[in-house]
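Please look over the model below before reading the notes.

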Amino acid sequence: MRSNGTRMELRRAEPADKPAIRDVARRSLQASYSLGPQAITGAIEEWYGEARLDETLADEEHVLLVGDEDGQVVGFSESTLAGEGIGTLLWLHVDPAYRGRAIGSSLFEETCAHLEEIGADRVHGRVLADNADGNAFYRSQGFQQAGEETVEIAGRTYVENRYVEAHPSGREPIESDGVTVFIDHDATERGSVDAFHLVYTDEDSDDLYGYYCANCGTLANAMDAMGRIECDHCGNARKPTRWDSAYL
């Protein structure tokens with residue numbers, strides 16, 4: 001819990017904040033996304049309904065923070081642990097009337113700190129592709145786009161961009177079995193659910209270590225003789241690259 005230097009306090013959300021969270025989310029979605037009224041209403045009901053918020057508040061691996069200015073919630077962030085050592089920022093909403101006052105940046109910094117406290121050593125972010133301000137925000141925080149996913153809102157499918165922390169080498173270092181390896185987010189193999197990123201033992205990409213599943217954030221090292229890759233955690237798979245007569 002801290003103040004960002006103004007009258008705003010950054011703190012964990014409480015059950016009494018639920019109506020304000022829904023209100024901020026609604027105004028933020030209306031201002032930032034090209035979503036129709038039905039889609040926005042559906043999104044609010046699905047993500048921030050009473051039961052869903054109760055589950056989020058009770059989940060130790062979920063972090064729901066609010067920006068409270070003089071007793072009024074003016075912004076909030078929702079994040080979670082999405083894989084070993086990975087914290088994912090799912091949503092960051094600021095009331096349009098309070099934008100331009102570094103509230104989003106303050107919430108972002110506090111969210112990263114809380115994710116680190118519960119076990120994250122790196123942070124990924126997600127934002128709908130048509131939110132120009134949201135995408136620009138991640139880039140301003142030193143993140144780079146690492147892929148796309150789809151999300152369904154009120155029966156329609158939308159593209160969601162995924163961001164990771166940028167590194168000077170273009171490779172993201174992670175720990176695997178006590179060894180540092182490097183994810184190349186620009187080198188991918190197409191999977192059945194989401195992409196596989198190539199993982200190397202060094203920053204120069206000389207020695208292939210394995211594959212990183214973008215769907216669940218885990219390493220998939222196994223490849224069969226036909227070139228098939230499958231993630232043991234979520235089932236994401238790359239089809240075989242060649243065929244043997246035994247398969248015909």
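The points below take these topics in turn.

1. This is a predicted model, in which local features need pLDDT of at least 70 and side-chain atom pairs count only at pLDDT 80 or more, while totals for chains, interfaces and linings use all residues. Residues are numbered from 1 along each chain as its sequence is written, and side-chain values use heavy atoms, with hydrogens and water left out.

2. The volume of the largest pocket is about 430 Å³. A pocket here is an open set of points on a 1 Å grid, where a 1.4 Å probe fits, with protein on both sides within 12 Å along at least five of seven lines. Its lining has 24 residues, a lining residue being one with an atom within 4 Å of a point. Leu92, Val94, Asp133, Gly134 and Phe137 lie nearest the centre of the pocket.

3. Which strand gives the most to this lining? S5 does, with 6 residues; strands are DSSP runs of E, at least two residues, and helices runs of H or I, at least four. By class, the lining has 12 nonpolar, 8 polar and 4 charged residues.

4. H1 and H2 (residues 37-48) pack with their axes 10 Å apart, at an angle of about 145°; angles run from 0 to 180 degrees between N-to-C directions. The residues in contact (heavy atoms within 4.5 Å) include Ala25 and Leu29 of H1 and Ile40 and Ile44 of H2.

5. Phe108 and Tyr138 form an edge-to-face aromatic pair, 6.5 Å centre to centre, with 85° between the planes. Ring centres within 6.5 Å make a pair, and planes over 60 degrees apart count as edge-to-face. Phe108 is in helix H4 and Tyr138 in helix H5, so the pair ties together parts 30 residues apart in sequence.

How values were computed:
Grid points are joined across faces, edges and corners, and a volume is the space filled by probe spheres set on the points. Ala, Val, Leu, Ile, Met, Phe, Trp, Tyr, Cys and Pro count as nonpolar, Asp, Glu, Lys and Arg as charged, and the others, Gly among them, as polar. Rings of Phe, Tyr and Trp (its six-membered ring) pair if their centres lie within 6.5 Å; planes under 30 degrees apart count as stacked, over 60 as edge-to-face and the rest as tilted.
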